[in-house]
Amino acid sequence: MNKTSSRLAPAAEACAQPAIAFDGVRLDFGGKCVVDGLSFTVAPGEFACVVGPSGCGKTTLLRLVTGLLSPTRGEVRRLGVTVDGPSRDVAIVFQDYGRALLPWRTAAGNIALALEAMGVPRLARAERVAALLDKVGLAGHGDKYPAQLSGGMQQRVQIARCLAQGPRVLLMDEPFGALDALTRQALQDEIARLVRDSGATVLFVTHDLDEAIYLGDRVFALQANPGRLAEVIDVGLPRPRDQLRTREHPEFLRLRHVLFDHVQKTH
Amino acid sequence: MSNWSLRAGSVLVTLSILLLWQLVTTTGLVQPIFLPSPSSTFANLLRGLTRGDLLALTISTMERMIHGWTLASLGGILLGALIGLSQRARYWLTPTLELLRPLPASTLLPVGIALFGLHPNMLLGIIAFGAIWPVLLPTIHGFSAIDPRLREVAKNLGIGPLAFALKFGLPNALPDVTAGMRLSLTACLIITVVGEMITAQQGLGSTIIMAARSFRSTDLYGGIVLLGAVGAANNALLGLVERALTPWRRARA
Ligand SMILES: Nc1ncnc2c1ncn2[C@@H]1O[C@H](COP(=O)(O)OP(=O)(O)OP(=O)(O)O)[C@@H](O)[C@H]1O
Ligand SMILES: [Mg+2]
């Protein structure tokens, strides 16, 4: 595998590389082993979901991908390159949207932050921000401060800020965990559409097994103490998915059983 | 409506105090040499402002106060930002700052006089030193106590140290800093007046103490009323500035 790819031209080689690769990753926190023996790859453009009990290392896994944390042992690669720090190619949507937005900036200002960081000239920014607000369904709310927005709207702002980066890898840490069921379903469909349009690779952490099957191409189930990969499930459901039909699909129900059984066993 | 009645109440209280003052003096309960009536105080004040040199004295005091305040604010924000952004600087400097902070500025005046003489800049330095604390400490806190999640947002976006200071640190510190600048201005007024009294530099402070020593009570109380007015005007003006600088604090759903 490696031999054939090394003979390809550099550009083609980058394409053939997995977007995210974990290679025997272990991470210790103050002498305690948090995750161990993590090895997996995520293909470019793939939507991978991560489930697992609380404290099994899901957030840690995302932090390893961003480069905010470095592995104690093993290696994390993005597009074939060893991760040694944050990059604007990687965007992360934090679970606690209330803390991830700058309270002193309006929705538009928060989105513009990413554009400023990327050196987009001032004149081009306003137009891009307007387009992004429109994309996440917040047109007309650009001049509101986070405190004036509902939780769902704040999370949309955070998603828009991440999309503004034009990321090749999008990490999401239980992004809809604190939202009501309807808002949650609407955002699930929005994110699926936005991701398909952008072609980004997604690593999506959730507590909700249904959500993981509904959104994912694959579901990684983690196990705790120490955090490790317990099972990988391929989701062959047709896209675009639909809140009613997909959830009634026999394959959806089958996968749901598999995943629930698995979680029961490892809990 | 309730806002209106609150305002009416405050006017009423102020007027009653003035009335009480007038009563106490016209009935002869207190000798005018200790407490002149408000009417004669205000008449004298008006005369001093229009014909005498009271206006010039007030302006020189306010200039001194504002210069000192500008120094204290700029120094406090710059120094506070540097200390707040660097954990090492915080560790190194905090004990020294804790030692210097409680020193009353008036105790430094004799030191300043001994070292630098009665130079006007010496007084300015003392004013700035005494008034820097209400700005410096909240600035340090505002720049250091940024939510860790926001730090991660900045790191992920590759935001450099200067942009981080301006876009994260400064706005995070701003509400406390502007409140601190209000306190600092009050401190400036106090230290300016005390400084003028001790160093006999031209201004309201020296005028008040001269008036007191020569039993010119209307001048004394005129000066005090003037100082009160300056302080109140400062506070009101800064309140407006504060609101303009931190619009998100008023934004609630
Ligand atoms: N900064 C840290 N210092 C020490 N231990 C930590 C730190 N961050 C996380 N841990 C530990 O690492 C383990 C995994 O944490 P992590 O946040 O990745 O779990 P998680 O799967 O995201 O949990 P949850 O579903 O509750 O969000 C936990 O046992 C936690 O106690
Ligand atoms: Mg987590």
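In which helix of chain B is B:Thr199 found? Good morning, colleagues. B:Thr199 is found in helix 8 of chain B, which covers residues 161–199; helices here are DSSP runs of H or I with at least four residues, strands are E runs with at least two, and both are numbered from the N terminus.

Some conventions must come before the rest. This is a predicted model, in which local features need pLDDT of at least 70 and side-chain atom pairs count only at pLDDT 80 or more, while totals for chains, interfaces and linings use all residues. Residues are numbered from 1 along each chain as its sequence is written, chains are lettered from A and ligands numbered from 1 in the order in which they are written, and side-chain values use heavy atoms, with hydrogens and water left out.

Let me return to B:Thr199. This residue counts as buried, at 6% relative accessibility; buried means under 20% relative accessible area, exposed means over 50%, and partly exposed lies in between, with a 1.4 Å probe and protein chains only. Its side chain reaches the backbone oxygen of B:Gly195 at 2.7 Å. That is a polar contact, defined as a pair of N or O atoms within 3.5 Å; within protein, one must be able to donate a hydrogen and the other to accept it, and residues adjacent in sequence count only if both atoms are side-chain atoms.

I turn now to ligand 1. Its shell consists of A:Phe29, A:Lys32, A:Val34, A:Ser54, A:Gly55, A:Cys56, A:Gly57, A:Lys58, A:Thr59, A:Thr60, A:Glu174 and A:His207, a residue being near when one of its heavy atoms lies within 4 Å. By class, the shell has three nonpolar, six polar and three charged residues; Ala, Val, Leu, Ile, Met, Phe, Trp, Tyr, Cys and Pro count as nonpolar, Asp, Glu, Lys and Arg as charged, and the others, Gly among them, as polar.

For A:Thr60, a polar side-chain atom lies 2.5 Å from an oxygen of ligand 1. Taken alone, the ligand exposes 630 Å², of which the protein buries 59%; these areas come from the Shrake-Rupley method with a 1.4 Å probe, and for residues only the protein chains shown count as cover. Two or more shell residues come from each of strand 2 (32–42) and helix 3 (58–66) of chain A. Helix 3 gives the most, with three residues.

Next, the backbone of chain A. Most residues other than glycine have a negative phi, and most peptide bonds are trans. A:Asn225 lies in the loop between strand 9 and strand 10, and A:Pro226 is placed in the loop between strand 9 (218–223) and strand 10 (228–234). A:Asn225 counts as exposed, at 66% relative accessibility. A further cis bond runs from A:Arg239 to A:Pro240, with omega near -5°; A:Pro240 lies in the loop between strand 10 and helix 10 (245–248).

A:Leu79 sits in the loop between strand 4 (73–78) and strand 5 (81–82) and is partly exposed, at 23%.

Finally, the charged pairs. A search of the whole structure finds 24 salt bridges over all chains, each being a side-chain nitrogen of Lys or Arg within 4 Å of a carboxyl oxygen of Asp or Glu. In chain A, A:Glu75 and A:Arg77 meet at 2.6 Å, N to O. A:Arg254 pairs with A:Glu251, their closest N and O atoms being 3.1 Å apart; both lie in helix 11 (residues 250–266), three residues apart, about one turn of the helix. A:Arg254 is partly exposed at 44%, and A:Glu251 is partly exposed at 23%. In chain B, the side chains of B:Arg216 and B:Asp219 meet at 2.4 Å. Salt bridges that share partners also join A:Arg63, A:Asp96, A:Arg99, B:Asp147, B:Arg149 and B:Glu152 into one network. Thank you.
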